[in-house]
Amino acid sequence: MKRNYTLPILPVAESVRWSTWALLAGLMLLVIASFASLPLKWGEFFSAEAIRSTLDFLHGFAPPELAPAFLSKVGIATFETLAMSAIGTIIAAILGALLALPASGRFGMLARNITRGFLNVLRSIPELVWASILLIAAGLGPFAGTLALALHTVGVLGRLFADAFENCTPLPAATLRINGARPAVVFLYATLPQCSPQMMSYTLYRWENNIRAAAILGVVGAGGLGQMLKYHLSLFQMQQAATVIIAMLLMVAAVDALSYLLRRAMTK
């Protein structure tokens, strides 16, 4: 017995608008103009002399310094870098959540626009610039680095949290409002439970980024592994610098793995 199979009717593909093609063409021209305008010396970069100089430079890093006294200093600096990133991220998550409420339009459009503008200013200034400014007020050390990480991350997390509040499903909140619940109760029992996994994922991701940023902020005197790396490189103590770099790599890898496991546990 023959069976008649009917093929599914696929929707007609929408035609690409001319503005999209124009945008892609403009981006391509921008890329071509960038390569054409910059004096990129690829031949000299891959020359035999450049490769030989690079190998001689890398040879100076071996073997890494493994003296117990020096490893103890590296361990203290590693903990300092971790503490800077963790405290800066926690402060940013709390302030970002508070600023996300007006930034999501819950207190009117005027408050939304003002708060989002403030968040844009915070995140548009890089951590190194914040650290350079705060070093004048707070002095050298990890305190200025922690504040720099917190200020920049407030701008990032505040915007992400506000978008999460705006994009959450409105039906649970509407159900509570219909039944006479107050706005604070609606937010705590409907909006926040929906957004909290996404907010935690954003916070963990920013903590990963702040680990790397904290390791670099020491270059301007904000403490941690970055300050040790700058000190030993400036004195051409390559073996000690190699140990600091290895500590950075191990620290970033450990935090990345921990963050991945936490995000995976939250999404199960």
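**Helices of a predicted model**

Let me begin with a pair of helices, H4, which covers residues 68–103, and H9, which covers residues 183–217, and which pack at an angle of about 145° with their axes 9 Å apart. Please keep in mind throughout that this is a predicted model. As for the sense of the crossing, H4 passes H9 in a right-handed way. On the H4 side the residues that meet H9 include Thr81, Leu82, Met84 and Ala97, while on the H9 side those that meet H4 include Phe187, Met199, Arg206 and Trp207. If we sort this contact by class, we find twelve nonpolar, five polar and one charged residues.

Is threonine 115 buried or exposed? Its relative accessibility is 11%, and because buried means under 20%, threonine 115 counts as buried. Leaving aside residues up to four places away in sequence, threonine 115 touches Leu99, Pro102 and Ala103.

Now to helix H7, residues 142–167, whose 26 residues, at 1.5 Å a residue, should span 38 Å, and whose end C-alpha atoms are 37 Å apart, which agrees. H7 also has a kink of about 30°, and this kink is centred on threonine 153.

Finally, in helix H10, residues 224–234, the buried residues are Gly224, Leu225, Gly226, Met228, Leu229 and His232. After H10 comes phenylalanine 236, and its phi is positive, near 60°.

Note on methods
Residues are numbered from 1 along each chain as its sequence is written. This is a predicted model: local features need pLDDT of at least 70, side-chain atom pairs count only at pLDDT 80 or more; totals for chains, interfaces and linings use all residues. Side-chain values use heavy atoms; hydrogens and water are left out. Axes are lines fitted to C-alpha atoms, for helices over the stretch in contact, and angles run from 0 to 180 degrees between N-to-C directions. Helices (H or I, at least four residues) and strands (E, at least two) are DSSP runs, numbered from the N terminus. A crossing is left-handed if the near helix is turned anticlockwise from the far one by less than a right angle, and right-handed if clockwise. Contact means heavy atoms within 4.5 Å. Ala, Val, Leu, Ile, Met, Phe, Trp, Tyr, Cys and Pro count as nonpolar, Asp, Glu, Lys and Arg as charged, and the others, Gly among them, as polar. Buried means under 20% relative accessible area, exposed over 50%, partly exposed in between (1.4 Å probe, protein chains only). The expected span of a helix is 1.5 Å times one less than its number of residues. The bend at a residue is the angle between axes fitted to the seven residues ending there and the seven starting there.
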